[in-house]
Structure formats: C-alpha cells, structure tokens
Amino acid sequence: MTNVCLVGLGRTGMEIARFFMEQRDIKIVGAICSEFSPKIGKDIGEVLGLPNTGAKIYSPGQLKHVIDKIKPDVFVDFSNYKATMSMVKTIAEAGKGLVIGTTGFSKTDLMRMRVLAKKHGAAIVYAPNITLGVNVMMLLTNIVSRILTDYDFEISEAHHRHKKDAPSGTALKIADEIEKGLEFSGVEVNRPIPIHATRAGGIVGRHQLIAAGDNDKIEIVHESFSRKAFAEGALKCVRFIRNKKGFFEMKDVLDLERVLSSYFDKTKTAAAAEG
Ligand SMILES: NC(=O)c1ccc[n+]([C@@H]2O[C@H](COP(=O)([O-])OP(=O)(O)OC[C@H]3O[C@@H](n4cnc5c(N)ncnc54)[C@H](OP(=O)(O)O)[C@@H]3O)[C@@H](O)[C@H]2O)c1
C-alpha cells in the first residue's frame with residue numbers, strides 16, 4: 001500500500017483524488033491546499049462531494065506535521081510552481097517520493113530539484129506532460145523524424161478557451177522531438193517547426209503532427225477526452241517511484257528509451273543478417 005498526500009486539490013488534484021480512491025494499492029492520507037484556503041481542515045471526501053474518508057486537508061505551513069504525523073510515502077503535486085518550490089526541499093530531506101505534475105518551472109528550479117533528489121537520496125518524478133498517450137506520441141515523433149528526414153513537419157494543437165499559453169508546452173516538446181530526431185540522422189535544423197494553435201470552447205487537448213513528403217504523408221494525433229488521462233499518468237508515476245532514488249521524467253516511467261533503442265537495434269540486426 002502506498003500512502004499519498006496530494007499537493008493542490010484544484011481541477012486536476014480533485015480528478016486524481018477520485019481516481020486514486022478507486023485503486024487498491026493507494027491510500028490518500030491527506031492533501032495540502034493554498035494558505036487560507038476554505039478547504040483547510042475539511043475531509044477530502046467532503047470537498048469531492050463523497051462520504052468522509054478520514055483524510056484531511058492541510059495548509060502549506062503544516063507540511064512538517066503532515067510528514068511526521070500523517071506519514072505519506074509519496075506527494076503528488078498539481079499546484080503551482082511557487083508552491084512546489086517552497087516544499088520540495090522539506091519533502092526531499094524527509095526522503096519522501098514526489099511526483100510533480102505542476103508546470104512553469106525555470107531551468108534553475110529544475111536543477112535545484114535534481115540536486116535535492118541526489119543530495120537526500122529522495123525520488124522525484126518531474127512530469128509536465130503526464131498523459132500516457134502524449135508521451136507515446138513523442139516517441140513516435142522521434143522515430144518518424146529520424147527516418148523521414150526530407151519530409152515537411154507541421155504541428156497543430158487545440159485547447160479550451162481558458163488555456164493561457166499558446167502554443168502549448170506539449171507542442172513545443174513535439175517540435176523538440178522532431179529536431180532531436182532529425183539531428184540524430186545528421187540533418188541540420190535551420191528553421192523552427194511551424195506550430196498552429198487554436199483556443200476554443202471546451203476542447204480538453206488535441207495535438208497533431210503532419211509529416212508530408214511529395215507522395216505521401218503521416219499524421220499522428222493525440223486527443224485527451226477527460227482529465228482522468230492526467231490521473232492515469234499520475235498513478236503510473238506513483239507506482240514507478242516506490243523504492244526509487246533520483247530525478248526521473250516520464251520517459252523513465254514509461255521506459256521509452258529502452259523501447260526506442262531496442263527497436264533500432266532490432267532493425268540494425270535484421271539489416272546485418274540480410275547483408
Ligand atoms: N503534467 C500535466 O500533464 C498537467 C496536467 C494538468 C495540469 N497541470 C498543471 O498542474 C497545475 C495545477 O493545474 P490545475 O488546472 O489543477 O489548477 P487549479 O485548478 O488552479 O488548482 C491549483 C491547486 O493548487 C493549490 N495551491 C495553490 N497554492 C498552493 C500552495 N501554496 N500550496 C499547496 N497548494 C496550493 C490550490 O489550492 P486552493 O484549492 O486552496 O485554491 C488548488 O487546489 C498547473 O501547473 C498545471 O499547468 C499539469
């Protein structure tokens with residue numbers, strides 16, 4: 001059984017709480033919300049509109065109390081980057097696992113997380129794109145751009161009207177994977193990959209990559225239907241982080257590098273056998 005404390009019980013945190021409560025190997029033992037939040041002191045069940053769970057909501061100032069008395073094994077953080085940075089040291093020092101879904105960190109923040117994980121032998125999973133399918137899309141993008149090096153690449157993404165940043169961080173990461181794939185195959189990338197962004201209605205999230213040659217094209221599309229996709233990714237991270245030490249990303253959780261290298265190794269072996 002893994003005892004989990006949620007940091008942030010907003011749109012995503014609440015979805016995660018509901019999903020985690022359905023899991024036999026996970027127990028939610030508490031949650032932390034913003035300072036002065038009306039949720040503080042309430043039972044998590046009450047906030048979710050469910051029966052009481054016995055797990056309470058705490059303020060950020062009660063973090064030490066939560067660690068010492070509530071004894072979570074893993075913190076799952078979907079709050080905001082300032083809140084995360086104010087807690088990461090205490091959580092790492094206590095040797096607790098930390099799954100960070102929150103976005104918006106600077107390079108310096110990420111470096112600090114790495115250092116803290118190493119120094120205290122703690123485990124941190126940093127997952128700004130926690131949806132499982134999006135991470136597989138990254139892998140496919142990398143493969144496509146390694147092989148179809150003279151194709152034209154275009155990315156489009158669509159999100160709900162409330163999403164502030166455009167293009168999305170995921171679209172930028174897909175562009176990054178294309179560049180990495182092309183560079184891997186010795187192609188110099190001298191212009192940015194075009195990205196088209198739509199902000200409209202209640203679209204949860206859609207990313208599309210087109211790789212078009214003169215005579216054919218490939219399209220890779222990922223679409224999220226519900227926020228539960230984030231909760232599924234968070235669950236995978238919590239199960240991964242048990243008994244780990246160090247700083248990890250989603251590619252480690254899904255073991256994507258092994259998948260990619262084993263694919264290309266097999267291709268090489270087959271070519272050598274034929275040759
Ligand atoms: N990794 C991914 O794939 C992914 C997916 C979805 C969202 N996100 C990221 O997750 C974060 C949260 O998104 P959201 O849509 O759930 O936001 P949200 O609905 O605004 O919820 C934010 C939560 O953070 C809490 N909070 C604020 N300050 C805090 C503090 N000092 N200590 C502890 N908790 C604090 C808020 O508490 P109150 O309830 O008291 O206001 C609220 O519960 C964002 O950074 C977003 O970009 C990432």
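**Ligand shell and helix packing in a predicted model**

By class, the shell around the ligand holds 11 nonpolar, 14 polar and 3 charged residues. Ala, Val, Leu, Ile, Met, Phe, Trp, Tyr, Cys and Pro count as nonpolar, Asp, Glu, Lys and Arg as charged, and the others, Gly among them, as polar. The model is predicted: local features need pLDDT of at least 70, side-chain atom pairs count only at pLDDT 80 or more, and totals for chains, interfaces and linings use all residues. Residues are numbered from 1 along each chain as its sequence is written.

The ligand is surrounded by 28 residues (C-beta atom, placed from the backbone, within 6 Å of the ligand). Gly8, Gly10, Thr12, Ser37 and Ala83 are the closest. Helix H1 (residues 11–21) gives the most to this shell, with 3 residues.

The protein has 10 helices and 11 strands (DSSP runs numbered from the N terminus; helices are H or I of at least four residues, strands E of at least two).

Helices H6 (residues 132–147) and H7 (residues 169–184) pack at about 30°, with axes 7 Å apart. Axes are lines fitted to C-alpha atoms over the stretch in contact, and angles run from 0 to 180 degrees between N-to-C directions. H6 is therefore roughly parallel to H7 (angles under 35 degrees; over 145 is roughly antiparallel, 65 to 115 roughly perpendicular and the rest oblique). Residues in contact have C-beta atoms, placed from the backbone, within 7 Å. On H6, these include Val134 and Met138; on H7, they include Ile174 and Ile178. By class, the contact of H6 with H7 has 6 nonpolar, 5 polar and 4 charged residues.

Key: Contact = placed C-beta atoms within 7 Å.
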